[in-house]
Amino acid sequence: MTSAQNAVEQKKNEKIPEWPKLGDATAEALKRNILHHVRSFQGCDPERARQSDVYMALAYTLRDIMTEKWIATQSLYYEKEKKRVYYLSLEFLIGRSLSNSILNLGIWEPVKTAVEELGFELADLVEEEEDAALGNGGLGRLAACFMDSIATLKIPAYGYGIYYEYGLFNQQLIDGYQVESPDNWLRYGSPWTFERKQPVYPVHFYGRLSSSQDEDGNYRVRWVDTEDVVAIPCDIMVPGYNNGHVINMRLWTARASRELDLNFFSRGDYIGAVTSKVSSETISKVLYPPDHNLAGMELRLKQQYFFVAATFHDIMRRFKKKNKTFEKFSQLIAIQLNDTHPAIAIPELMRLLLDIEGLSWEKSWDICINTFAYTNHTLMPEALEKWDVEMIGSVLPRHLQIIYEINQRFLDLVKIQYPGDESRLQSMSIIEEGPVKKIRMAHLAIIGSHSVNGVAELHTKLLRENIFPQYDAFYPGKFNSKTNGITPRRWLLQANPKLAKLITTKIGSSWITDLDKLRGLESLADDEYFQKSWQEVKLANKKRLADLIQKRCGIEVDPQSMFDVQVKRIHEYKRQLLNCLHVIQLYQQLVRNPEKDSVPRTVIFAGKAAPSYWKAKRIIKLITSVADVVNNDPRIGNKLRVVFLPNYNVSMAEIIMPGADLSEQISTAGTEASGTGNMKFSLSGALTIGTLDGANVEILEEVGEENIFIFGMTAEEAEYEKIHISRPPQMVCDENPAVAAVIESLRDGSFSRGDKVIFQALVDSLMSPHDPYLLLRDFESYLDCQKQVDAVYRNQGLWTQKSILNVARMGKFSTDRTIRQYAEEIWGIPVEKEVS
């Protein structure tokens with residue numbers, strides 16, 4: 001037997017590696033590692049190390065620990081030949097990693113001791129970390145929560161996306177207006193990321209197609225004369241909770257195919273060489289480039305294909321290590337498309353199987369539909385992605401061919417089932433006909449997947465009945481619901497440590513990986529002493545939030561007042577404007593009757609508007625203008641304060657949500673797919689005021705209608721009102737002087753220093769009978785509901801009881817439950833019952 005054969009045989013006989021023991025990380029060992037990294041990675045004398053140096057060294061130390069566990073995890077996957085999940089998402093809004101890594105590794109106390117012995121405070125080191133700006137809002141944060149639960153449940157999976165150099169944007173408020181600046185979160189690098197030298201992959205764009213027949217007479221296509229970009233993998237480790245299991249997100253960054261193209265040099269064109277390099281690397285520069293012009297739209301398309309193509313290189317590399325044919329491909333690989341952004345993956349897999357691997361169309365398509373599953377995240381028709389046929393034909397010519405072939409074969413099946421129904425063919429076609437032909441990416445995702453899920457029960461119902469009813473009829477059983485969740489490790493254990501400690505002292509710590517165990521708090525909801533402890537925790541959290549407000553906004557707020565909070569992306573359907581109208585109504589009421597005994601409120605807003613979304617930016621200006629008037633009116637005092645916290649991100653949310661009393665979830669019914677902010681607030685003991693929209697419906701079912709404040713039209717009523725306009729806004733104003741006074745204050749310049757033009761566009765939309773978000777139609781119901789909120793808040797015992805019951809009944813909304821459902825019902829992967 002040769003030495004090489006001996007080595008192979010020895011490898012086969014090796015035992016599966018044991019998980020490294022979590023107890024190995026003592027304070028002394030951690031301290032030695034931190035000092036080592038201060039010297040070797042930071043290149044400085046430990047005696048002169050700054051706080052930032054120690055933060056970086058600690059992060060590298062934790063990364064070392066996670067890397068060992070990740071290697072063991074990967075070895076286990078290969079040893080057991082486990083089915084693997086590839087979660088494709090254009091966003092992963094992970095926030096900061098330091099606290100989360102320490103908690104999930106189970107080494108908080110030794111790390112804290114090690115840091116203190118070096119003369120630093122762990123809380124200060126946490127503040128050194130930049131939020132990883134790899135996402136925008138709920139979709140990206142959900143993906144990050146999913147990664148935490150996947151690791152905790154020991155599911156063999158990877159997250160794939162883009163390693164953006166610049167995040168969404170930094171938001172400043174200048175004279176009350178949102179002003180954007182670049183979010184260069186990587187300017188000092190990130191200690192959490194491994195930029196790999198291998199494997200690197202070419203990604204092709206443009207070019208032309210060359211067709212031929214192979215030796216068996218099969219049609220074959222070659223994609224040639226392409227412009228290429230190289231995809232570099234960047235890995236970020238994600239530890240499961242206290243289980244030794246570590247997975248990774250692999251995020252791609254773009255590089256020029258050669259550092260500088262020698263063809264340009266041969267023509268003496270150095271500037272051309274540099275320009276080509278910069279153009280190639282733009283792909284991974286920025287999250288969501290502006291898509292209001294052709295160049296921005298093309299860049300967005302290239303981003304989507306770039307990360308999909310690179311991911312498939314990786315999938316194929318991994319699969320081919322042990323498989324010579326594709327018979328078991330869909331048995332060993334599950335690919336989840338997080339919204340339509342990665343839907344170009346469907347024609348990409350078909351291209352690889354057809355053109356590279358030489359499989360037949362029928363075999364390739366069978367593999368495709370058994371591999372892909374698609375999650376829809378929106379009910380807004382304008383948010384369902386469409387791409388110009390001409391643009392895809394230019395950037396991805398082979399993919400356009402394949403999409404047309406998929407569409408033709410699909411429509412042939414529709415014709416058989418519905419002969420002569422041309423309108424059905426038009427509405428179900430992937431290709432939208434018109435002056436500019438477009439490709440409907442949601443249609444492509446539905447046709448090319450074996451599962452299509454909504455993210456809340458109401459959302460799924462509306463998808464099946466309103467948005468895609470013909471697809472639901474054509475594919476019975478394909479649509480299903482997987483209600484979103486949040487990870488309790490981030491949103492209770494880490495973000496609200498005082499409440500987590502109080503809960504653990506009463507019911508133990510098993511809730512951390514089994515959130516249903518919070519039901520044990522129900523018996524304590526009326527306990528006077530427990531209520532007092534609960535109130536003390538809430539007040540401490542409100543003081544922390546008040547300090548943040550003072551620091552960021554220079555506004556002093558009273559922690560004893562009700563903290564009424566709405567923090568999320570600024571959008572008309574989320575109805576921050578409705579909340580602002582209520583603030584104006586409260587202000588006018590206090591001005592008319594300053595002696596009235598009212599519940600003091602601090603109304604807190606935060607969120608970013610898309611740079612080109614002028615109406616959302618004008619809503620921000622209105623909120624800040626109202627705040628300026630209210631906060632400077634001596635007649636109001638501390639009875640009402642209004643705050644807009646700029647540059648909202650995950651780290652800020654971790655302070656805001658534990659400090660909230662009231663959670664505003666007030667979108668127009670039938671517009672919000674799910675929402676997860678509603679869950680985060682409830683898990684920290686805030687009560688919800690909201691519409692029957694998204695996951696609010698299921699929160700109501702879980703916590704009980706007596707423990708939530710619901711107002712406004714249902715989704716069915718809202719749809720009816722949009723069509724029939726039974727009570728137009730002018731009628732609402734005519735019948736309700738309080739509402740009319742609020743609208744008039746926007747018209748007459750009361751909140752704009754006499755400028756009667758600045759908010760006129762908002763008035764016009766509010767007063768339009770065709771307002772799609774029905775603000776004035778829901779306003780009176782909202783005002784009445786807010787009066788109920790005041791009445792309950794006056795009775796702090798009752799409020800606290802409801803707060804405790806909200807937390808106790810949040811078990812359903814853990815991403816552990818969501819991911820277990822995905823794994824068992826979509827991916828075909830059994831999940832261990834015990835996770836710790």
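**Close-up 1. Helices and strands around the second largest pocket.** In this predicted model, four elements each supply at least two residues of the lining of the second largest pocket: strand 3 (170-174), helix 22 (528-553), helix 24 (614-631) and strand 20 (640-645). Helix 24 gives the most, with seven residues.

**Close-up 2. Inside the second largest pocket.** Rolling a probe the size of a water molecule over the atoms is a handy way to see where empty space is left. For the second largest pocket, that space comes to about 520 Å³. Its lining is made of 26 residues, and if you look for the ones closest to the centre, you'll find Asp175, Gly176, Thr624, Ser625 and Asp628. Sort the whole lining by class and you get 13 nonpolar, seven polar and six charged residues.

**Close-up 3. Helix 30 crossing helix 31.** When two helices pack together, we describe them by the angle between their axes and the distance between the axes. Here, helix 30 (residues 737-747) and helix 31 (residues 760-767) have axes that come within 8 Å and cross at roughly 150°. Angles over 145 degrees count as roughly antiparallel, so that is what helix 30 is to helix 31. The crossing itself is left-handed.

**Close-up 4. Who touches whom between helix 30 and helix 31.** On the helix 30 side, look for Ile743, Leu746 and Arg747; they meet Gln760, Val763, Leu766 and Met767 in helix 31. Split by class, the residues of this contact are five nonpolar, one polar and one charged.

Key. Residues numbered from 1 in each chain as written. Predicted model: local features only at pLDDT ≥ 70, side-chain atom pairs only at ≥ 80, totals over all residues. Heavy atoms only, no water. 1 Å grid on protein atoms, 1.4 Å probe; cavity = no way out; pocket = protein on both sides within 12 Å on 5 of 7 lines; lining within 4 Å. Points joined across faces, edges and corners; volume = space filled by probe spheres on them. Nonpolar A, V, L, I, M, F, W, Y, C, P; charged D, E, K, R; others polar. Axes fitted to C-alpha atoms, helices over the stretch in contact; angles between N-to-C directions. Parallel < 35°, antiparallel > 145°, perpendicular 65-115°, else oblique. Left-handed = near helix turned anticlockwise from the far one by under 90°. Contact = heavy atoms within 4.5 Å.
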